[in-house]
Amino acid sequence: MMRTKKSLRVVLLVLMMVLGFAFYVSAQEEPADDSKIVLEKIRADKKLFVSENMQLTEAEAKGFWPVYDKYQDELFLLRSRQFNLIMSYKENYQKMTNETAKKLMDELMAIESIGLKLRQNYLPKFRKALPEVKVVRYYQIENKIQAVLYFDLARKIPLMKMAD
């Protein structure tokens, strides 16, 4: 029963994050204050989720949370770049050219490369703050959240149109 409740909370949190990201996307045309509130709520919910699943000691928490916050700031910039890529794809979907497709693909490869470098750059920082088992657990949490986001995007983004 406890496991089911926790699993349900995980699914609900991830869905909230996906919906929150979608809301953030649509909120870009709204006043900046509204989108800022939404983003802060998403970040707070994610932080609570991480906190509940990391079981940090007081000493671990003291070292972990500052690194986590900086990592999330950089991850947010990467997610913003992904969002811009998706919007560019959407804008060009009906009139896609080889040149535009190449630019989009190059940007996707750059984003994926930066994401890997970001995870690699923060690994020693997380290792300094936490025992290895908890570092792996944290990276698993991030990977699961990313997998759900990517799955949702994959369902919603159509394949590239082919010339008739």
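The paragraphs below go from the overall fold to one helix and then to a cavity.

Keep in mind that this is a predicted model. The protein has five helices and zero strands, so its pattern along the sequence reads α-α-α-α-α. Of its 164 residues, 34% count as buried. Look at the contacts between residues at least 6 apart in sequence: 75% of them join residues at least 24 apart.

Now find helix α4, which covers residues 98–129. Its 32 residues should span 46 Å at 1.5 Å a residue, and because the end C-alpha atoms are 47 Å apart, the two values agree. Follow α4 along to Leu123, where the helix bends by about 30 degrees. A proline, Pro124, follows within four residues of that bend.

Which residues of α4 are buried? They are Thr100, Leu104, Ile111, Gly115, Leu118, Tyr122, Phe126 and Ala129. An α-helix has 3.6 residues a turn, so residues three or four places apart point the same way. The cover over the buried residues of α4 includes α3 (58–92) and α5 (132–156).

The structure holds two cavities of 30 Å³ or more. The second largest cavity contains about 40 Å³ of space. Its lining is made up of Tyr71, Leu75, Arg79, Arg119, Glu142, Asn143 and Gln146. Here α3 and α5 turn up again, as the elements that give two or more residues to this lining.

How values were computed:
Residues are numbered from 1 along each chain as its sequence is written. This is a predicted model: local features need pLDDT of at least 70, side-chain atom pairs count only at pLDDT 80 or more; totals for chains, interfaces and linings use all residues. Side-chain values use heavy atoms; hydrogens and water are left out. Buried means under 20% relative accessible area, exposed over 50%, partly exposed in between (1.4 Å probe, protein chains only). Contact means heavy atoms within 4.5 Å. The expected span of a helix is 1.5 Å times one less than its number of residues. The bend at a residue is the angle between axes fitted to the seven residues ending there and the seven starting there. On a 1 Å grid over the protein atoms alone, a cavity is a set of points where a 1.4 Å probe fits but cannot get out, and a pocket is an open set with protein on both sides within 12 Å along at least five of seven lines; lining residues have an atom within 4 Å of a point. Grid points are joined across faces, edges and corners, and a volume is the space filled by probe spheres set on the points.
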